[in-house]
Amino acid sequence: MLQSYREELTQLEEKSNLRTLPEIVHRGRDVIRQGRQMLNLSSNDYLGLASELALRKAFLERLTPECFLPSSSSSRLLTGNFTANGELEELLCRLYKAESSLVFNSGYHMNTGILPAVSNSKTLILADKLVHASLIDGIRLSPAKFLRYRHNDCEHLESLLCRNHADYERMIVVTESIFSMDGDEADLRRLVMLKKSYPNVMLYVDEAHAVGVRGEKGLGCAGEQGCIDGIDFLTGTFGKALASVGGYILCRRVIRDCLINKMRTLIFTTALPPVNLMWTRFVLERLEGFNDRRDYLKKISLYLKGQLAAKGYECPSTSHIIPVMTGDSRKAISKAEDMQRKGFYLLPVRPPTVLEGTSRIRISLTASVRTDEVERLISLL
Ligand SMILES: *Cc1c(COP(=O)(O)O)cnc(C)c1O
């Protein structure tokens, strides 16, 4: 019985695509693996908030054993809906000036749950070719028909909308704002305009890598591009720059009510622990104040990309996520190992996370990386 599993793993290993869980110890900005201490350039802690002791200390000062609740003990539809949920959702609405919001256990729950709940067999989902696996899974679980448009290609999307709009009750365009593996970004304003040229098109944007990092108030690319209003499903995660856990949506009230009634990944799971929700709110309340970090991250990202370009690396990134392409998986592995020996914890990204033949190492800059470290990284690459 187990032989076929072994064969499958052997095949992955032969293609250099076998994965294992890294055994690492965290020490602030660094990780220690096999006795080697390295600067962590693979984390999504983009503002450096998760590794910052002072923030946690300030939060802990407010906690008492009475309010420190490590479990909600039930689904939000039963007894798991603590006041911390409402308070966080209220804050989200206030920050985004949105009609309503809803918090989920993770970005993965969010993306696998929303699309099945808001589509039916008369829905067509049009998704960017490079959207995250969680969105693909959501599409697969939904009764909608679906098509992919070429990555960030609005003309292709437009032609698909034009060709199909009369045949469906509703069409939902699905994209990320900053893409997780290429670090490039969607033109949200253009997507909003495109959407508005049809009465039956809705727009779903996942800001997982942009929230906290972009915009004057850290509200993401939609805030930066001034088009929060034009997005029907504005979503993101607390697990990256916001140093917490959970997913969220900003939407119209009727959508929220619909999700509460139909979204299986909200209904059939134990709600986030109140202490997590409180921590998320604590970070969100301070989000506006992190402009220095956002500006600094932008500055070092531009610098690194400029230097990589000068060395002849082609790089699609317009953000702090900076892939260094190797094409081949083996090359990605050896390059990552080489950089690790030199003190930078970089990891190879291989299929199926990215398309076959586009393996890479992925540099994830954070606001806690110093300029001398960026210099050293450049000299070693
Ligand atoms: C990380 C990520 C998610 C998943 O969010 P989690 O909160 O980690 O489950 C969803 N979408 C995108 C684009 C992501 O990069």
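Helix α4 (residues 107-118) makes up the largest share of the shell around the ligand, giving 3 residues; helices here are DSSP runs of H or I with at least four residues, numbered from the N terminus. This is a predicted model, so local features need pLDDT of at least 70 and side-chain atom pairs count only at pLDDT 80 or more, while totals for chains, interfaces and linings use all residues. Residues are numbered from 1 along each chain as its sequence is written, and side-chain values use heavy atoms, with hydrogens and water left out.

In total, 13 residues surround the ligand, with Gly107, Asp206, His209, Thr237 and Lys240 among the closest (a heavy atom within 4 Å makes a residue count as near). Sorted by class, this shell holds 8 polar, 3 charged and 2 nonpolar residues; Asp, Glu, Lys and Arg count as charged, Ala, Val, Leu, Ile, Met, Phe, Trp, Tyr, Cys and Pro as nonpolar, and the others, Gly among them, as polar.

Now for the side chains that face the ligand's N and O atoms. Histidine 209 has a side-chain N or O atom 2.5 Å from a ligand oxygen. The protein covers 83% of the 380 Å² of accessible area that the ligand has on its own, by the Shrake-Rupley method with a 1.4 Å probe.

Technical notes. Polar contact = N/O pair within 3.5 Å; in protein donor to acceptor, adjacent residues only side chain to side chain. Helix = DSSP H or I, 4+ residues; strand = E, 2+ residues; numbered from the N terminus.
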